Amino acid sequence: MLGVAPSPAEAALCSVVSGPATAALVELYTSEGCSSCPPADRWLATLGRRYSGTQVVPLALHVDYWDYIGWKDPYARREFSLRQRKLSQLQRLALVYTPQVLLAGADFRAWSGQEFDRAVAAINARPARARIELQFLGATAKTAAVRVQAELKGTDLRGDPALYVAAYENRLSSRVAAGENRGRTLDHDHVVLDWQGPLAFDERGRLEATRELPLLPQAVPDNSGVVAFVQDRRTSEVLQALALPACAGVRPAR
């Protein structure tokens, strides 16, 4: 059951459609158990201020393979570790590491300098190969309901395109009690809390789905949002990405 349904006016504010240019999906693979990760986490948090949502779509995916050294990352998921390994295999990388940045599906090690800005500009200059539309439908205290529609552009469907949907939250904070970051308070933005996909397109290159995405028990609606992106699973290339921050018209029922 949905606790709140937006009015028609609110629904217009609670939806977004991707544009004609390609947005750059940024995936940061990170961990609270990794001493070299906090600078990358802080860098990722700046992207929302430096770029518009049509230019860059940032995500932080916390991996679990550092948990063994003494601190269990509360945001880590095995699924994200497996995704990182799979994408590394597609690119013939010898190993996985943190912090790692994937830009539009490709390993990008020069993320902290001007080379990143140039790479984003090049991605933004490409015509989008998919169209995505996101709409918040409503929320309960535990979940948010989202409708997503996507369509591939052109007639070349010989790859293996799929849609992924992720719920994220900003302004998260942890006091780390063990491991490499013991005694530090770590702040995080764009943290992926739920991941759904791959969702398959039909024979016409279209997809429409409604998904309920879990929220943290103490989630702050204004700090939450959803991202959808289309990726070729054979090449790891991202065809389009789109983010929708939680909007004022949809609030959890209390």
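**Group meeting talk: helices and sheets of a predicted model**

Let me begin with helix α3, whose buried residues pack against β2 (24-30), β3 (56-62), β4 (100-103), β8 (161-169), β11 (191-200) and β13. By contact I mean heavy atoms within 4.5 Å, and by buried I mean under 20% relative accessible area, with exposed meaning over 50% and partly exposed lying in between, for a 1.4 Å probe and protein chains only. Helices (H or I, at least four residues) and strands (E, at least two) are DSSP runs, numbered from the N terminus.

Residues are numbered from 1 along each chain as its sequence is written, and side-chain values use heavy atoms, with hydrogens and water left out.

For the overall picture, the protein chain has 4 helices and 14 strands, and buried residues make up 53% of its 254 residues. Among the contacts in the chain with a separation of 6 or more, 72% are between residues 24 or more positions apart.

Back to α3, then. This helix covers residues 78-90, which is 13 residues, and it reaches 19 Å from its first C-alpha to its last, close to the 18 Å expected at 1.5 Å a residue; the expected span is 1.5 Å times one less than the number of residues. Which residues of α3 are buried? They are Phe80, Ser81, Arg83, Gln84, Leu87 and Ser88. Seen down the axis of α3, these residues fall within an arc of 160°, so they line one face of the helix, where the arc is that of the directions from the helix axis to the C-beta atoms. As background, an α-helix has 3.6 residues a turn, so residues three or four places apart point the same way. Just after α3, Arg92 takes a positive phi of about 60°.

Turning to the strands, 4 of them form an open sheet in the order β1-β6-β7-β12, with antiparallel pairing; two strands pair if DSSP finds at least two bridges between them. β1 (15-17) and β12 (206-214) stand at the edges, each with a single partner strand, so one side of each is left without a neighbour in the sheet. Within this sheet, 3 bridges join β1 to β6, residues 130-139, and the bridge partner of Val16 in β6 is Leu134.

Elsewhere, β13 (residues 224-232) and β14 pair in the antiparallel sense over 7 bridges, and Gly225 has Pro245 as its bridge partner in β14. How many of the 8 residues of β14 are buried? The count is 6, and this strand, residues 238-245, is therefore mostly covered. The hairpin of β13 and β14 has 5 residues between the strands, and in it Ser236 takes a positive phi near 75°.

A further antiparallel pair is β9 (residues 172-175) and β10, joined over 4 bridges, with His188 in β10 as the bridge partner of Leu172. β10, residues 185-188, has a covered face, made of Leu186 and His188, and an uncovered one, made of Thr185 and Asp187.

Leaving aside its neighbours within four places in sequence, Asp107 is in contact with Gln91, Leu93, Tyr97, Gln100, Val101 and Leu102.

Terms used. This is a predicted model: local features need pLDDT of at least 70, side-chain atom pairs count only at pLDDT 80 or more; totals for chains, interfaces and linings use all residues.
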